[in-house]
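Please consult the sequence and structure shown below.

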Amino acid sequence: MGLALLIGGQLLWLPPHQLRHFIKSWLISVAAALLFVLPSYWLAGPSTLLFFGLKTSLMLANAQYYRLTTPFQALLTGLKALHCPDLLIMTLAIAITYLRMLGQHLLLTMEALELRTVAPAAHPYRLIGALFGNLYLKSYAYALELYAAMEARGFNGHYARATTHSTHWRDYLALTPALIVWAVFIFWGINVVLIKLVNICYDYPDTCGLNALNLTIDAGEFVCLMGPNGSGKSTLLRLLSGLASPTSGTYWLHDQAITADYLANAQQRQRLHQQIGMVFQNTDVQLFNTSVAAEVAFGPRQLGLSAATIKQRVDDCLALTDCGDLADRVPYQLSGGEKKRVALASVLVLNPEILLLDEPLNGLTIAAQQHMLTLLQRLQVAGKTIIMASHNYQQVQTVGERFIIFNPTHQVDADLTRTALAQQPARQAQLMTL
């Protein structure tokens, strides 16, 4: 009774158009709920059915009211203020983002269908089945990409909370030998081999992904992977990031063989994802938290860092990527360029030595493209190794120092420095047509 009075009082303050929308949505949701459970509750008796109907109607009325009057971000903020578990809040955010993406896909599919429909469908039920089958396959693909994005940022199946301890001075002291070695290498100008691939092959169920790939990449390089769509660029990035293992061949990182057995160990896999950060081509699957700040904090939280350290890292990376004013925004409401920068910040916060980027300039305006390229150049100057896949030579010709060009048979067709490529007009013209 108290809930009914509360909802009734709230409805009095709704404008007429919102009230009509509320009544329509509420009746539809109640009818759907009763339709699904009516048989089972009817067998339990009329009194049980009446009780369930009233309770469900009030709950759905409350839900519909808040759906109409409360922004999703404000709702999540309220749940956090009520000390709801972080895992629950993140799950809600992922679910809403996921449903929004599927809804957009379904809407675009229906619009495309309408534009191509010039006569009544001969088999409407077959068409409906095909649409839902396509939606199911798309949802499955989204789920795989989403989990891969979480895993690439240190998630190993357990949601970690920030710890309260601060970083101990011994943690920094442990890095001293490595820093000394790196300083000697840099001082003497010695190239440090970071990645070595020996006769790498990767096969998909119905096609080849990579064929007999042999490659070395030194520390500090800016490498552009070029080639037509489907030539193996994205496959190589997934192998380097540890999201997939080669069918045959050997992948070495810092003289450590990255094998399927190595990746089967959760701690070793997490350590690899800390060394190698990846920005996905579809940034929508990479952004799944309730705010930009929470998005960037996700990776360090998986490492069990202290709350103070996480905040410092988040602030630094938001400032570095010019996302400071986006900290409280909802990620899926950002523009394409903003999403790319937030995705990059969410990777940089783990301080990886290698950055993998899969078509990071796709869909961006000219200004946003230039902003991203300038940021990547600054990161390379700071000591990061950049490996970027692209099929647009015109976009990357001024920033790439080395161009690895794949052919349609999933092999390396050429491996050229910027200077060497500049002396091959025919090759440049070929890249312009990708």
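H15 provides the largest share of the lining of the second largest cavity, namely three residues. In this predicted model, two cavities of 30 Å³ or more are counted.

**The second largest cavity**

- The volume of the second largest cavity is about 40 Å³.
- Its lining consists of Gly337, Arg341, Leu364, Ala368, His371 and Met372.
- At least two lining residues of the second largest cavity come from each of H14 and H15.
- By class, the lining of the second largest cavity comprises three nonpolar, two polar and one charged residue.

**H14 against H15**

- Helix H14 spans residues 336-348 and helix H15 spans residues 366-381; their axes come within 10 Å and cross at roughly 15°.
- H14 is therefore roughly parallel to H15.
- The crossing of H14 past H15 is right-handed.
- On the H14 side, Gly337, Lys340, Arg341, Leu344 and Leu348 take part, and they meet Ala368, His371, Met372, Leu375, Leu376 and Leu379 of H15.
- This contact of H14 with H15 contains seven nonpolar, two polar and two charged residues.

**H12 against H14**

- Helix H12, residues 292-302, packs with H14 at an angle of about 35°, and the two axes are 7 Å apart.
- H12 also passes H14 in a right-handed crossing.
- Val292, Glu295 and Val296 of H12 form the contact with Val342, Ala345 and Ser346 of H14.
- Four nonpolar residues, one polar and one charged make up the contact of H12 with H14.

Conventions:
Residues are numbered from 1 along each chain as its sequence is written. This is a predicted model: local features need pLDDT of at least 70, side-chain atom pairs count only at pLDDT 80 or more; totals for chains, interfaces and linings use all residues. Side-chain values use heavy atoms; hydrogens and water are left out. Axes are lines fitted to C-alpha atoms, for helices over the stretch in contact, and angles run from 0 to 180 degrees between N-to-C directions. Helices (H or I, at least four residues) and strands (E, at least two) are DSSP runs, numbered from the N terminus. Angles under 35 degrees count as roughly parallel, over 145 as roughly antiparallel, 65 to 115 as roughly perpendicular and the rest as oblique. A crossing is left-handed if the near helix is turned anticlockwise from the far one by less than a right angle, and right-handed if clockwise. Contact means heavy atoms within 4.5 Å. Ala, Val, Leu, Ile, Met, Phe, Trp, Tyr, Cys and Pro count as nonpolar, Asp, Glu, Lys and Arg as charged, and the others, Gly among them, as polar. On a 1 Å grid over the protein atoms alone, a cavity is a set of points where a 1.4 Å probe fits but cannot get out, and a pocket is an open set with protein on both sides within 12 Å along at least five of seven lines; lining residues have an atom within 4 Å of a point. Grid points are joined across faces, edges and corners, and a volume is the space filled by probe spheres set on the points.
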